Amino acid sequence: MEHNIKIKLTSRRTEIGEALLRSLFDAVLGEEAENVLFTEGNGKGEEVSEDTIEMNTEGVLRMREGRVEIAYEESELTGMEGASTIVSFDPADPTLVTMMRGGTVSTALIFEPHRRHICAYHTPYMPFEICVLAHKVDNRLLQEGVLELDYMVELRGAQAERTKFRMDIRTMEGEDPLPRPEVMMD
């Protein structure tokens, strides 16, 4: 089953200042880490840079090997022109989301609420490890066409950023409506 879809992506990235950053690689996660890592602003008068990107594109929603996949091409807006992205999840566990990129950069990022995942990020220059910690995974893609992720990414103590990502999907004019979750699990 495959549906042509329109996708609206909104991504708000905030660089995390050194005074606020506790290494996600080394952090013992608990309530204290959650409160420090996901507070709004830094509360220490430290400057942070914020960047918001909005992109509209077309893609495909399909069911493959028991997983829902949404595939689309990146653009120069995201800084990953020439890369393709697949967001996937099992409809039985929609809070575990994987984002795979291939092309000019390649990676597989795993988003699971309050779980830390070490992922590899391959660039034309060199590969490196990143740590991903999701605070929120709100996946209503099959019910309402919305996926919201609130997560942090750290590049081994050198740089960290918090991203609030939103994906809105809808079928193209003339296409069948999005499948209901119970249909996708059959």
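Strand E2 (residues 50-64) and strand E3 pair in the antiparallel sense over six bridges; two strands are said to pair if DSSP finds at least two bridges between them. Helices (H or I, at least four residues) and strands (E, at least two) are DSSP runs, numbered from the N terminus. The structure is a predicted model, in which local features need pLDDT of at least 70 and side-chain atom pairs count only at pLDDT 80 or more, while totals for chains, interfaces and linings use all residues. Residues are numbered from 1 along each chain as its sequence is written, and side-chain values use heavy atoms, with hydrogens and water left out.

The predictor's confidence in each residue is given as pLDDT, from 0 to 100. The protein chain averages a pLDDT of 81, and 72% of the residues score at least 70. Confidence is highest in E4, at 96, and lowest in helix H1 (residues 31-37), at a mean of 48. Where pLDDT is low, the predicted coordinates should not be read in detail.

The overall arrangement is a closed barrel of ten strands, running E1-E2-E3-E4-E5-E6-E7-E8-E9-E10 with antiparallel pairing. From one strand to the next, the twist averages 25 degrees; for this, axes are lines fitted to C-alpha atoms, for helices over the stretch in contact, and angles run from 0 to 180 degrees between N-to-C directions. Strands of a sheet pair through backbone hydrogen bonds, either parallel or antiparallel.

Glutamate 65 is found in the loop between the two strands. Its phi is near 50 degrees, a positive value in a residue other than glycine. Most residues other than glycine have a negative phi. Glutamate 65 counts as exposed because its relative accessibility is 79%; the scale sets buried at under 20% relative accessible area, exposed at over 50% and partly exposed in between (1.4 Å probe, protein chains only). A positive phi also occurs at histidine 114, at about 60 degrees. Histidine 114 lies in the loop between E6 and strand E7 (116-122) and, at 42% relative accessibility, counts as partly exposed.

Glutamate 69 has serine 88 as its bridge partner in E4, and glutamate 73 stands opposite serine 84. Five of the seven residues of E3 are buried, so the strand is largely enclosed by the rest of the structure.

With a relative accessible area of 7%, glutamate 74 is buried. The side chain of glutamate 74 makes a polar contact with that of arginine 101 (3.2 Å). Such a contact is a pair of N or O atoms within 3.5 Å; within protein, one must be able to donate a hydrogen and the other to accept it, and residues adjacent in sequence count only if both atoms are side-chain atoms. Glutamate 74 and threonine 85 are eleven residues apart in sequence, with their C-alpha atoms 6.8 Å apart in space. Another buried loop residue is valine 105, at 11% relative accessibility, between strand E5 (93-102) and strand E6 (106-111). The C-alpha atoms of valine 105 and alanine 83 are separated by 6.4 Å, although these residues are 22 apart along the chain.

Asparagine 139 has its place in strand E8 (residues 127-140) and counts as buried, at 9% relative accessibility. Its side chain reaches the backbone oxygen of proline 94 at 3.0 Å and the backbone nitrogen of leucine 141 at 3.1 Å. Not counting residues up to four places away in sequence, asparagine 139 touches Phe89, Pro94, Val97, Val146 and Leu147, where contact means heavy atoms within 4.5 Å.

The largest nonpolar core has 31 residues, and those with the most contacts inside it are Phe111, Phe165 and Met167. Such a core is a set of buried Ala, Val, Leu, Ile, Met, Phe, Trp, Tyr and Cys residues joined through side-chain atoms within 4.5 Å. Beyond four places in sequence, phenylalanine 165 touches Leu9, Thr10, Ser11, Tyr72, Met99, Leu147, Glu148, Leu149 and Tyr151.
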